[in-house]
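This briefing sets out selected structural features of the chain shown below, grouped by topic for reference.

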Amino acid sequence: MMKAHRPLPRSAFGQGLVLHGLRELPEEVAVALSFNGSTQAVMMATPGDLEDFAVGFALTEGLASPDEIEEIHVEALAQGIDVQIRVGAGAEARLAARRRHMAGPVGCGLCGIDSIDAALRAPCRVAGDLRLTPAQVQQAVAALPGYQALHDTTRAAHCAAFWTPGHGIVAAREDVGRHNALDKLAGALVRADASRDGAVVLTSRVSIDMVQKVTALGAPVLIAVSAPTAAAVDMADAAGLTLIALARPDRFEVFTRPERVLPPDPSKESRDVA
(Lines give C-alpha, C1' and ligand atoms only; values in the text may rest on other atoms or scores of the structure.)
Protein backbone atom coordinates (compact mmCIF):
# COMPACT_ATOMS: atom_id res chain seq x y z
CA MET A 1 0.00 0.00 0.00
CA MET A 2 1.15 3.55 -0.73
CA LYS A 3 2.98 5.45 2.02
CA ALA A 4 1.26 8.36 3.77
CA HIS A 5 3.94 10.88 2.73
CA ARG A 6 7.00 11.27 0.50
CA PRO A 7 9.84 13.78 -0.01
CA LEU A 8 9.75 16.29 -2.86
CA PRO A 9 12.38 18.86 -3.87
CA ARG A 10 11.85 22.49 -2.96
CA SER A 11 13.74 25.78 -2.57
CA ALA A 12 13.33 27.68 0.69
CA PHE A 13 13.71 31.49 0.68
CA GLY A 14 14.37 33.50 3.83
CA GLN A 15 16.77 35.94 5.47
CA GLY A 16 18.43 36.60 2.14
CA LEU A 17 19.25 32.93 1.58
CA VAL A 18 17.99 30.20 -0.72
CA LEU A 19 18.21 26.65 0.59
CA HIS A 20 17.63 23.70 -1.71
CA GLY A 21 16.44 20.40 -0.30
CA LEU A 22 13.51 18.08 0.24
CA ARG A 23 10.21 18.58 2.02
CA GLU A 24 8.03 15.68 3.20
CA LEU A 25 4.48 16.15 1.90
CA PRO A 26 1.37 14.07 2.57
CA GLU A 27 0.01 11.85 -0.16
CA GLU A 28 -3.47 12.68 -1.44
CA VAL A 29 -5.12 9.99 -3.56
CA ALA A 30 -8.58 9.26 -4.90
CA VAL A 31 -10.25 6.70 -2.64
CA ALA A 32 -13.46 5.16 -3.94
CA LEU A 33 -15.84 3.72 -1.35
CA SER A 34 -17.87 1.07 -3.15
CA PHE A 35 -20.81 -0.68 -1.51
CA ASN A 36 -21.91 -3.98 -3.06
CA GLY A 37 -20.13 -3.11 -6.29
CA SER A 38 -21.52 0.41 -6.67
CA THR A 39 -19.35 3.45 -5.94
CA GLN A 40 -21.02 5.55 -3.27
CA ALA A 41 -18.32 8.20 -2.80
CA VAL A 42 -14.92 9.23 -4.08
CA MET A 43 -12.82 11.14 -1.57
CA MET A 44 -9.35 12.63 -1.83
CA ALA A 45 -7.65 11.11 1.22
CA THR A 46 -4.42 9.95 2.82
CA PRO A 47 -3.87 6.28 1.84
CA GLY A 48 -3.84 4.72 5.30
CA ASP A 49 -6.27 3.14 7.79
CA LEU A 50 -8.68 2.55 4.92
CA GLU A 51 -10.61 -0.25 6.64
CA ASP A 52 -11.27 2.19 9.49
CA PHE A 53 -12.29 4.77 6.89
CA ALA A 54 -14.80 2.39 5.32
CA VAL A 55 -16.46 1.45 8.61
CA GLY A 56 -16.47 5.01 9.92
CA PHE A 57 -17.83 6.52 6.72
CA ALA A 58 -20.62 3.95 6.57
CA LEU A 59 -21.57 4.70 10.18
CA THR A 60 -21.30 8.50 10.21
CA GLU A 61 -23.09 8.91 6.88
CA GLY A 62 -25.93 6.63 7.95
CA LEU A 63 -25.24 4.11 5.19
CA ALA A 64 -24.69 0.95 7.23
CA SER A 65 -24.28 -0.06 10.84
CA PRO A 66 -21.15 -2.01 11.80
CA ASP A 67 -23.06 -5.30 12.07
CA GLU A 68 -24.36 -4.87 8.50
CA ILE A 69 -20.82 -4.80 7.06
CA GLU A 70 -19.92 -8.30 5.94
CA GLU A 71 -16.54 -7.77 4.23
CA ILE A 72 -14.01 -5.06 3.32
CA HIS A 73 -11.46 -5.41 0.54
CA VAL A 74 -8.91 -2.73 -0.41
CA GLU A 75 -7.69 -2.78 -4.01
CA ALA A 76 -4.95 -0.54 -5.40
CA LEU A 77 -5.74 0.79 -8.88
CA ALA A 78 -3.62 2.65 -11.41
CA GLN A 79 -5.13 6.03 -10.47
CA GLY A 80 -6.28 5.48 -6.90
CA ILE A 81 -7.67 2.97 -4.42
CA ASP A 82 -11.00 1.18 -4.42
CA VAL A 83 -12.32 0.18 -1.00
CA GLN A 84 -14.98 -2.46 -1.61
CA ILE A 85 -17.49 -2.92 1.20
CA ARG A 86 -19.99 -5.76 1.18
CA VAL A 87 -23.14 -5.00 3.20
CA GLY A 88 -26.34 -6.89 4.01
CA ALA A 89 -29.74 -6.52 2.41
CA GLY A 90 -31.02 -3.86 4.80
CA ALA A 91 -28.12 -1.52 4.14
CA GLU A 92 -28.28 -2.22 0.40
CA ALA A 93 -31.90 -1.04 0.33
CA ARG A 94 -30.98 2.22 2.07
CA LEU A 95 -28.08 2.78 -0.31
CA ALA A 96 -30.35 2.35 -3.31
CA ALA A 97 -32.67 5.01 -1.90
CA ARG A 98 -29.93 7.47 -1.04
CA ARG A 99 -27.09 7.64 -3.54
CA ARG A 100 -24.24 10.05 -2.87
CA HIS A 101 -21.41 10.67 -5.35
CA MET A 102 -18.80 12.91 -3.79
CA ALA A 103 -15.81 13.97 -5.87
CA GLY A 104 -14.05 17.13 -4.83
CA PRO A 105 -11.37 18.71 -2.66
CA VAL A 106 -10.71 17.37 0.81
CA GLY A 107 -11.95 20.59 2.40
CA CYS A 108 -15.48 20.00 1.12
CA GLY A 109 -17.71 17.76 3.18
CA LEU A 110 -20.95 18.10 1.24
CA CYS A 111 -19.84 17.64 -2.37
CA GLY A 112 -22.40 15.66 -4.34
CA ILE A 113 -25.27 15.71 -1.83
CA ASP A 114 -28.33 15.49 -4.02
CA SER A 115 -30.71 17.57 -1.87
CA ILE A 116 -30.75 20.20 0.85
CA ASP A 117 -32.61 17.78 3.10
CA ALA A 118 -29.80 15.24 2.74
CA ALA A 119 -27.16 17.83 3.58
CA LEU A 120 -29.07 19.03 6.64
CA ARG A 121 -30.19 15.64 7.89
CA ALA A 122 -31.10 15.57 11.56
CA PRO A 123 -28.24 14.45 13.83
CA CYS A 124 -28.49 11.48 16.14
CA ARG A 125 -29.40 12.31 19.73
CA VAL A 126 -26.59 11.76 22.21
CA ALA A 127 -26.81 11.21 25.95
CA GLY A 128 -24.57 10.04 28.76
CA ASP A 129 -23.44 10.89 32.27
CA LEU A 130 -19.94 12.03 31.28
CA ARG A 131 -18.78 15.07 33.25
CA LEU A 132 -15.41 16.71 32.66
CA THR A 133 -13.45 19.14 34.79
CA PRO A 134 -11.79 22.10 33.06
CA ALA A 135 -8.45 20.45 33.80
CA GLN A 136 -9.53 17.30 31.94
CA VAL A 137 -10.61 19.30 28.88
CA GLN A 138 -7.25 21.04 28.87
CA GLN A 139 -5.44 17.71 29.32
CA ALA A 140 -7.21 16.31 26.26
CA VAL A 141 -6.14 19.28 24.14
CA ALA A 142 -2.58 19.24 25.49
CA ALA A 143 -2.23 15.52 24.66
CA LEU A 144 -3.29 15.92 21.02
CA PRO A 145 0.10 16.96 19.55
CA GLY A 146 1.59 13.67 20.71
CA TYR A 147 -0.62 11.83 18.21
CA GLN A 148 0.11 13.92 15.12
CA ALA A 149 3.10 12.21 13.55
CA LEU A 150 1.93 12.87 9.97
CA HIS A 151 1.31 16.53 10.76
CA ASP A 152 4.72 16.84 12.42
CA THR A 153 6.36 15.45 9.29
CA THR A 154 4.34 17.35 6.67
CA ARG A 155 2.52 20.23 8.43
CA ALA A 156 -0.47 19.38 6.26
CA ALA A 157 -2.70 16.89 8.05
CA HIS A 158 -5.70 16.99 10.39
CA CYS A 159 -6.09 14.77 13.44
CA ALA A 160 -9.14 13.34 15.18
CA ALA A 161 -8.65 11.65 18.54
CA PHE A 162 -10.79 10.10 21.28
CA TRP A 163 -10.10 10.94 24.93
CA THR A 164 -11.57 9.21 27.97
CA PRO A 165 -11.15 9.98 31.68
CA GLY A 166 -8.52 7.82 33.31
CA HIS A 167 -7.07 6.63 30.00
CA GLY A 168 -6.32 9.78 28.02
CA ILE A 169 -6.28 9.47 24.23
CA VAL A 170 -7.21 5.89 23.36
CA ALA A 171 -7.30 6.27 19.56
CA ALA A 172 -6.24 8.84 16.96
CA ARG A 173 -6.24 9.05 13.18
CA GLU A 174 -4.76 11.58 10.73
CA ASP A 175 -5.65 12.53 7.17
CA VAL A 176 -5.31 15.44 4.77
CA GLY A 177 -9.09 15.81 5.08
CA ARG A 178 -10.71 16.68 8.40
CA HIS A 179 -13.83 14.64 7.58
CA ASN A 180 -11.68 11.67 6.59
CA ALA A 181 -9.71 11.82 9.85
CA LEU A 182 -12.96 11.78 11.84
CA ASP A 183 -14.37 8.89 9.80
CA LYS A 184 -11.16 6.90 10.30
CA LEU A 185 -11.35 7.55 14.05
CA ALA A 186 -14.98 6.43 14.16
CA GLY A 187 -14.11 3.25 12.28
CA ALA A 188 -11.18 2.50 14.57
CA LEU A 189 -13.38 2.83 17.67
CA VAL A 190 -16.14 0.67 16.20
CA ARG A 191 -13.74 -2.04 15.05
CA ALA A 192 -12.11 -2.12 18.50
CA ASP A 193 -15.55 -2.19 20.18
CA ALA A 194 -14.32 0.72 22.32
CA SER A 195 -16.45 2.73 24.72
CA ARG A 196 -17.97 5.88 23.24
CA ASP A 197 -18.27 7.58 26.65
CA GLY A 198 -15.58 10.15 26.05
CA ALA A 199 -14.70 13.20 23.98
CA VAL A 200 -13.80 13.52 20.31
CA VAL A 201 -10.89 15.97 19.98
CA LEU A 202 -10.32 17.69 16.62
CA THR A 203 -7.62 19.91 15.18
CA SER A 204 -10.11 21.44 12.74
CA ARG A 205 -13.06 23.81 12.70
CA VAL A 206 -16.51 22.39 13.43
CA SER A 207 -19.15 22.48 10.70
CA ILE A 208 -22.57 20.82 10.74
CA ASP A 209 -21.31 17.71 8.96
CA MET A 210 -18.70 17.19 11.67
CA VAL A 211 -21.45 17.42 14.29
CA GLN A 212 -23.50 14.86 12.34
CA LYS A 213 -20.56 12.46 12.29
CA VAL A 214 -19.74 12.84 16.00
CA THR A 215 -23.35 12.28 17.02
CA ALA A 216 -23.57 9.21 14.78
CA LEU A 217 -20.60 7.84 16.70
CA GLY A 218 -22.48 8.50 19.93
CA ALA A 219 -19.85 10.58 21.72
CA PRO A 220 -21.39 13.12 24.14
CA VAL A 221 -18.57 15.72 23.96
CA LEU A 222 -16.74 17.34 21.04
CA ILE A 223 -13.61 19.41 21.68
CA ALA A 224 -12.10 21.39 18.80
CA VAL A 225 -9.00 23.53 18.53
CA SER A 226 -10.69 25.83 16.01
CA ALA A 227 -14.07 27.57 16.02
CA PRO A 228 -17.52 26.22 15.12
CA THR A 229 -19.97 27.67 12.66
CA ALA A 230 -23.20 29.10 14.02
CA ALA A 231 -25.18 26.33 12.33
CA ALA A 232 -22.95 23.70 13.95
CA VAL A 233 -23.69 25.17 17.38
CA ASP A 234 -27.43 25.05 16.69
CA MET A 235 -27.22 21.44 15.55
CA ALA A 236 -25.03 20.35 18.48
CA ASP A 237 -27.45 21.89 20.96
CA ALA A 238 -30.44 20.18 19.35
CA ALA A 239 -28.60 16.84 19.44
CA GLY A 240 -27.63 17.12 23.11
CA LEU A 241 -23.92 17.33 22.22
CA THR A 242 -21.54 19.35 24.38
CA LEU A 243 -19.54 21.49 21.96
CA ILE A 244 -16.24 22.90 23.23
CA ALA A 245 -14.15 24.94 20.80
CA LEU A 246 -11.24 27.35 20.52
CA ALA A 247 -9.59 24.96 22.95
CA ARG A 248 -6.02 25.43 24.14
CA PRO A 249 -4.08 23.84 26.99
CA ASP A 250 -4.89 26.90 29.13
CA ARG A 251 -8.40 27.93 28.02
CA PHE A 252 -11.49 26.89 26.05
CA GLU A 253 -15.04 28.00 25.27
CA VAL A 254 -18.21 25.96 25.80
CA PHE A 255 -21.01 26.65 23.30
CA THR A 256 -23.63 23.99 24.09
CA ARG A 257 -24.71 21.72 26.95
CA PRO A 258 -22.36 23.26 29.54
CA GLU A 259 -23.69 20.93 32.25
CA ARG A 260 -21.10 18.34 31.18
CA VAL A 261 -18.27 20.71 32.14
CA LEU A 262 -17.88 21.18 35.88
CA PRO A 263 -17.07 24.70 37.10
CA PRO A 264 -13.56 25.23 38.48
CA ASP A 265 -15.08 26.22 41.83
CA PRO A 266 -18.78 25.39 42.38
CA SER A 267 -19.00 28.07 45.09
CA LYS A 268 -18.22 30.84 42.61
CA GLU A 269 -20.25 32.04 39.69
CA SER A 270 -18.54 31.75 36.32
CA ARG A 271 -17.58 35.02 34.64
CA ASP A 272 -18.25 36.01 31.05
CA VAL A 273 -15.09 35.86 28.95
CA ALA A 274 -14.73 38.31 26.07
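**Surroundings of serine 204**

Leaving aside residues up to four places away in sequence, serine 204 touches His158, Arg178, Met210, Ala224, Val225 and Ser226. The model discussed here is predicted.

- Serine 204 lies in the loop that runs between strand S9 (199-202) and helix H7 (208-217).
- The relative accessible area of serine 204 is 3%. Because the cut-off for a buried residue is under 20% relative accessible area, serine 204 counts as buried.

**Chain overview**

- The chain contains 8 helices and 12 strands.
- Of the 274 residues in the chain, 48% are buried.
- The chain exposes about 13100 Å², and carbon and sulfur atoms supply 54% of this area.
- When contacts between residues at least 6 apart in sequence are considered, 50% of them join residues at least 24 apart.

- An open sheet is formed by 4 strands in the order S4-S3-S6-S5, with mixed pairing.
- Strand S4 (38-45) and strand S5 (69-77) stand at the edges of this sheet; each has a single partner strand, so one side of each is left without a neighbour in the sheet.
- On average, and with direction ignored, neighbouring strands of the sheet are turned by 20° against each other.
- Within the sheet order S4-S3-S6-S5, strand S3 (residues 29-35) pairs with strand S6 (residues 80-87) in the parallel sense, over 5 bridges.
- Phenylalanine 35 has isoleucine 85 in S6 standing opposite.
- Helix H2 (residues 89-97) packs on the sheet and touches S3, S4 and S6. The direction of H2 makes about 120° with that of S6.

**Helix H1**

- In helix H1 (residues 50-60), 10 of the 11 residues are buried, so the helix is largely enclosed by the rest of the structure.
- The buried residues of H1 include Leu50, Phe53, Val55, Phe57 and Leu59.
- Glycine 62 follows H1 and has a positive phi, near 70°.

Methods
Residues numbered from 1 in each chain as written. Predicted model: local features only at pLDDT ≥ 70, side-chain atom pairs only at ≥ 80, totals over all residues. Heavy atoms only, no water. Helix = DSSP H or I, 4+ residues; strand = E, 2+ residues; numbered from the N terminus. Buried < 20%, exposed > 50% of the residue type's maximum accessible area, 1.4 Å probe, protein only. Contact = heavy atoms within 4.5 Å. Areas by Shrake-Rupley, 256 points an atom, 1.4 Å probe, with all protein chains shown as cover. Pairing = 2+ DSSP bridges. Axes fitted to C-alpha atoms, helices over the stretch in contact; angles between N-to-C directions.
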